[in-house]
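Reader: Before we talk about how two chains meet, could you show me the model and then explain the terms as you use them?
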Amino acid sequence: MAQRPTGVKKSEARSSPVRFRHKHLLAIADLDRFEVESLLDRAEAFAELSEKKVKKLDTLRGRTLINLFFENSTRTQSSFELAGKRMGADVVNMSVKSSSVAKGETLIDTAATLNAMRPDLLVVRHGSSGAVELLSRKVDCAVVNAGDGKHEHPTQALLDAFTIRDRLGNIEGLTIAICGDVLHSRVARSNVALLNILGARVRLVGPPTLMPIGADRWGAEVFHNMRDGLKDADVVMMLRVQRERMTGGFFPSAREFFWFYGLDEEKLKFAKPGALVMHPGPMNRGVEIDSTVADNPNVSLIETQVRMGVAVRMAVLEALAESGANEEAR
Amino acid sequence: MAQRPTGVKKSEARSSPVRFRHKHLLAIADLDRFEVESLLDRAEAFAELSEKKVKKLDTLRGRTLINLFFENSTRTQSSFELAGKRMGADVVNMSVKSSSVAKGETLIDTAATLNAMRPDLLVVRHGSSGAVELLSRKVDCAVVNAGDGKHEHPTQALLDAFTIRDRLGNIEGLTIAICGDVLHSRVARSNVALLNILGARVRLVGPPTLMPIGADRWGAEVFHNMRDGLKDADVVMMLRVQRERMTGGFFPSAREFFWFYGLDEEKLKFAKPGALVMHPGPMNRGVEIDSTVADNPNVSLIETQVRMGVAVRMAVLEALAESGANEEAR
Amino acid sequence: MAQRPTGVKKSEARSSPVRFRHKHLLAIADLDRFEVESLLDRAEAFAELSEKKVKKLDTLRGRTLINLFFENSTRTQSSFELAGKRMGADVVNMSVKSSSVAKGETLIDTAATLNAMRPDLLVVRHGSSGAVELLSRKVDCAVVNAGDGKHEHPTQALLDAFTIRDRLGNIEGLTIAICGDVLHSRVARSNVALLNILGARVRLVGPPTLMPIGADRWGAEVFHNMRDGLKDADVVMMLRVQRERMTGGFFPSAREFFWFYGLDEEKLKFAKPGALVMHPGPMNRGVEIDSTVADNPNVSLIETQVRMGVAVRMAVLEALAESGANEEAR
């Protein structure tokens, strides 16, 4: 994990696009600390441009981005679509749920078909862990994992880190508690990996039934109650709970889940005074988070997360396009 | 209700974009007569450009328009999409029916999420009256109501007025009969409001079960039979009837509805000779309108309405973008 | 059927857009040999540009392409969308399955509505044979048939011919076997017509239940077994089989179909040594084609077909736009 090289000022890093060592962004492990920090610097520059109403860039003009979503996600898909369009790319959305997959086409045939259309960037969301990685091996273009099963969702972790850095200046040394349904959460996996790279102390908090076996070896401390898990936390990240999992198998009811793990003003007091609250959305109000916390602008970073999402994805798309364009030269 | 200021020629009004006093276009009541007439002048300029095959403008380059449709409407959504793209905007379509709403997200959370993506224009269609207004209070950008429940559909009324003015030169003093299922029609509500602003005499014609209580206080005369309602009418606007409402609750059958209220050549004779026929589409042929009338190019303005839709929406989007851009300066 | 005029070199033909004699591309019969060859030359130029990463052209800037799909087809729709966007057009996708058609609108009303929006190009896929032709009579713009029922799919045949020419240099005199479910295949119909124009010897191979009556009068020789049908064939084109047709009515089971007609290495030996394999996709592996053949890069042209699809559609869209723009001048 490299530090930013001495002598490179933040403003200089910002002025040029990032280049990744790897061709794809499939998991946080594809990145080192220097790449992450350069990327967040670059995202900062894009976020500033956007606030100045300079929204349209020509960086990706003539490039084609295919948004390939095997699962519905208006939020993530729109975020990538906006990021691509703001950089001048041609964006083509493909919802494959109802289409060729229904006709019995294999994932690898879908990959070959897309590849033959010569896109430059492929953003993929898939319900099965590992599907995006498999697909990436069959195409020539750069692939971004926009969420695969319970595995990873690296741009979500990057935007979360960007949001924290934007508010608190630095991530190194912070204590960050990730709470709720860790078992089914790709957001949790990507966040633990990224926050470790950036030097945070990470905790996972949730009921034993929703905590993966071996989570204590991910680089995080595991807790089963909010009082201990939130102690001295600078940031509390709540995870989305699928309501359909609250029917006995994992937890008796949504009401009991809220009682023990739902973040309200009382439980937030367990954390450090002034602790910040995050959620990847969409929220289940009254299940994993209470409206008094979610809507309190002094503690909630939830809207900022969405805003940062577009800027971070612009930086990621640019970095992958740059890396691809310079492939032969390297 | 201001008149166009004396000394401002039509061609001058046309040469510059309109500015609205209000930030959003949620209902016809947001507009005064001067704004409406300037807008129709501007739409006329866009319609002329379009016929000259000058279709692409740069007015909205770098601006983002989100088309947020909670109800399906290929027709209205495409019309706004085309209007946005012809002005150079980046257009992102979101069909929210099957997505985050299904995941239990509230309308206000959806609004906050979209707002955080920093669009410039938000076009919203929703099944519940008032939902678009609620959403508009939670976002920073300009919002256009593209139809909310049984409440309003202001751009439809504007394109209807534009179509009439284009054909008859003026709206002041005309007698316009709006016929059919007034109870469930947002098109009727917006049209009554707009035609009153423009000085027309408005009538509502329909069975008592499909006429809202108090419709006579909207600024329209209420009739329950076509013979009296169409007498001396210059324009007959038919409303779309939902077939599923023809099953006893509101009316015995589609066949009886057609017999009493469906517009055919016979009933059209009740109106002024040369009276024109309009319909917002999609039509139920043989229910509220007969093909002999709908397809007669001498009386039917139905295709013109669709064509005018794109031009009117271009003018509306431009006006809202302009108003937003100059917000601080005012 | 005209030959390319003497004295016109290939490179010259390439340097300028093609013009069609007909306004629409509804069926292969709309084209003559000169138009086809010019189109393939032009597609070759686009394919070369694309490989050089010159992907964005301004040829169709300011033009609007509507992709109107009454049937799902991610593959074909994306191919036209990419082709349109790479030439600078504004592309609007309409999936009409769930929308206005569900509201009871007739095909002709849909056509009138679209026409009123003043698109320049309309790409239509419909489940009923002849629907696209009907629609084309009701609109002012150029229409491309992207597949109508069991009738035609002309751009698929063009990309197939382009793929063969790209690999073998010439089509005249080749023996090409089209195999499988000919009865339900619009791809087969368009290919027989086009390959006849280009001077190939065409064969249709399939079980009697899946061979249309009168197929022997299409300009192809009919065979009911693969051994005879593939003898001396330069190219073997497999057709997609709908699995739901393998349940007794047309054939006992997918397994028996594969046994008699599925292309594997054994059956491919019936063809000329070095024969090439094609499939319009999506494939049913293990039904009409075996993976050992489909994935063998020495014989399979399946990925090339998809790649050629975008270039061919660019050439078609350009030709139709050109023809329209010069309509009055002719």
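Author: A salt bridge is a side-chain nitrogen of Lys or Arg within 4 Å of a carboxyl oxygen of Asp or Glu. This is a predicted model, in which local features need pLDDT of at least 70 and side-chain atom pairs count only at pLDDT 80 or more, whereas totals for chains, interfaces and linings use all residues. Residues are numbered from 1 along each chain as its sequence is written, chains are lettered from A in the order in which they are written, and side-chain values use heavy atoms, with hydrogens and water left out.

Reader: Why is the pair A:Asp90 and C:Lys56 called a salt bridge?
Author: The closest N and O atoms of A:Asp90 and C:Lys56 are 2.7 Å apart, and the limit is 4 Å between a Lys or Arg nitrogen and an Asp or Glu carboxyl oxygen, so the pair qualifies. Between chain C and chain A the count is 3 salt bridges.

Reader: What makes up the side of chain C that touches chain A?
Author: Its residues divide into 5 nonpolar, 5 polar and 13 charged, where Asp, Glu, Lys and Arg count as charged, Ala, Val, Leu, Ile, Met, Phe, Trp, Tyr, Cys and Pro as nonpolar, and the others, Gly among them, as polar. In contact (heavy atoms within 4.5 Å) are 23 residues of chain C and 24 residues of chain A.
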